[in-house]
Amino acid sequence: MALISSNTLFHFTSSSENLISILRNEFQPRLSLESFAHIVRYVTNSPWMTESGVPMVCFCDIPLSQVGSHMEHYGDYGIGLSKEWGMRHHISPVMYIHGESAPAESAAQLAVLWLKLRAGEVLSEFEPLALRAGALLYFLKAYEGVLERRGKELIEVRFYNEREWRYVPPEVESIPAISRADFADPTKRGAVEAIVAQLPALSFEPQDIRYLVVAKDSEVLPMIHAVRSVKDRYDPDTIDNLTSRIVSAERIRADF
C-alpha cells in the first residue's frame with residue numbers, strides 16, 4: 001500500500017547555497033507571513049492582524065515519491081531528518097482548519113484571551129493559560145489559501161496537501177508583531193528579522209540526517225565536495241555516510 005506520510009521530515013529550499021548554510025549553521029528561524037483570517041472573522045472589532053510574520057522553520061511529512069509538486073513550490077534542494085529528531089525538538093504537525101470549522105471559532109476565543117494578556121487585562125492566575133493559548137494559535141494553518149513564493153502568487157493552494165510540521169521558537173512572544181504592509185517594507189521587515197536572527201538555531205546531529213536533495217544529477221558531486229568542506233562539523237566517517245544519502249530531485253521525479 002502506498003505511503004501517505006513519511007518517517008522523514010523534509011525541509012526544501014531554493015538553492016544549494018541555502019542547503020550548505022543549513023549544514024554549516026543548522027536551521028535559523030525565518031519570518032513567514034501567515035494568515036489568521038480564518039480566525040479573525042469570528043472576533044468583533046479585533047486588533048488582531050489578518051496576516052502577520054511569525055518566526056518558524058517548516059517541514060513537510062511527504063514521502064519522496066510524492067514530493068514533486070511540493071518542490072515546485074519551495075525549491076529542488078532539501079534536507080530530510082528523522083521524525084524522531086523532530087519530535088525531540090518539539091516540532092509538531094500543524095492543525096488545518098477552515099473558516100467554517102468549529103475549531104476556527106474556538107481558536108478565535110483563544111485569540112481574544114491572548115490579546116487580553118498582551119493588553120494586561122488577564123488576571124495573573126490565568127496568564128499561563130493565555131500564554132499557552134497564544135502558542136497554540138501559531139500551529140493552526142488554513143486548509144487552503146494563497147501561497148506567495150519568490151515573488152509569485154499561487155491562488156488557492158491546498159496547504160492541507162503539504163502535511164506541514166512546524167517549529168516555532170519558544171521566544172516567539174518576544175518578537176514584535178509585523179503586518180503584511182510592514183513585511184513588504186524592507187526596512188521594517190529587516191528590523192524584525194535582525195531580532196529573529198538572534199534566536200537560537202534549531203540544531204541537529206549528522207546522524208539525524210536521512211537525505212540531502214540537490215536539483216540535478218550533475219550537482220551530486222559538487223554537493224559531496226561541499227559536505228567534505230564542512231570539516232569543523234563532520235568527521236571523515238560521517239562525511240562518507242552523508243555523501244551516500246545525496247539524491248537529486250531529477251532522479252526523484254524519474255524513479256520514485
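Q: What share of the contacts in the chain with a separation of 6 or more comes from residues 24 or more positions apart?
A: Those residues account for 78% of such contacts, a contact being heavy atoms within 4.5 Å. This is a predicted model, where local features need pLDDT of at least 70 and side-chain atom pairs count only at pLDDT 80 or more, while totals for chains, interfaces and linings use all residues. Residues are numbered from 1 along each chain as its sequence is written, and side-chain values use heavy atoms, with hydrogens and water left out.

Q: Thanks! How many helices and strands are there in the chain?
A: The chain has 11 helices and 12 strands. These are DSSP runs numbered from the N terminus, with helices being H or I of at least four residues and strands E of at least two.

Q: And how does the radius of gyration compare with what the globule rule gives?
A: The radius of gyration is 20 Å, close to the 18 Å that the rule gives for 256 residues, so the chain is as compact as a globular protein of that length. The radius is taken over C-alpha atoms, and the rule is 2.2 Å times the number of residues to the power 0.38. Along its principal axes, the C-alpha trace spans about 55 × 40 × 35 Å.

Q: What percentage of the residues count as buried?
A: Of the 256 residues, 45% do. Buried means under 20% relative accessible area, exposed means over 50%, and partly exposed is in between (1.4 Å probe, protein chains only).

Q: Switching to charges: how far apart are the mean positions of the positive and negative ones?
A: They are 2 Å apart, for 26 positive and 34 negative charges. Lys and Arg count as positive and Asp and Glu as negative, leaving out His and the chain ends. Each charge is placed at NZ of Lys, CZ of Arg, CG of Asp or CD of Glu.

Q: How many salt bridges does that rule-based count come to?
A: The count is 15, a salt bridge being a side-chain nitrogen of Lys or Arg within 4 Å of a carboxyl oxygen of Asp or Glu. Side chains of opposite charge can pair when their charged atoms come close.

Q: Which residue does Arg166 form a salt bridge with?
A: Its partner is Glu34, and the closest N and O atoms are 3.1 Å apart. Arg166 lies in strand S10 (residues 164-167) and Glu34 in strand S2 (residues 30-35), so the pair ties together parts that are 132 residues apart in sequence.

Q: Buried or exposed, those two?
A: Both Arg166 and Glu34 are buried. They also belong to a network of salt bridges that links Glu34, Lys141, Glu164 and Arg166.

Q: Where do Arg158 and Glu144 lie?
A: That pair forms a salt bridge, with the closest N and O atoms 3.7 Å apart. Arg158 is in the loop between strand S9 (152-157) and S10, and Glu144 in the loop between strand S7 (140-142) and strand S8 (145-149), so the bridge ties together parts that are 14 residues apart in sequence. Arg158 is partly exposed, with a relative accessible area of 40%, and Glu144 is partly exposed at 34%.

Q: OK, backbone now. What is the phi of Glu26?
A: Glu26 has a positive phi of about 65°, although it is not a glycine. Most residues other than glycine have a negative phi. Glu26 sits in the loop between helix H1 (16-25) and S2, and with 17% relative accessibility it counts as buried.

Q: What about His90, what's its phi?
A: His90 also has a positive phi of about 65° without being a glycine. The loop between helix H4 (83-88) and strand S5 (92-93) holds His90, which counts as exposed at 65% relative accessibility.

Q: Last one: which residues is Gly134 in contact with?
A: Leaving aside neighbours within four places in sequence, Gly134 is in contact with Trp114 and Glu173. The C-alpha atoms of Gly134 and Glu173 are separated by 8.6 Å, and the two residues are 39 apart along the chain. Gly134 lies in helix H6 (residues 127-137) and counts as buried at 2% relative accessibility.
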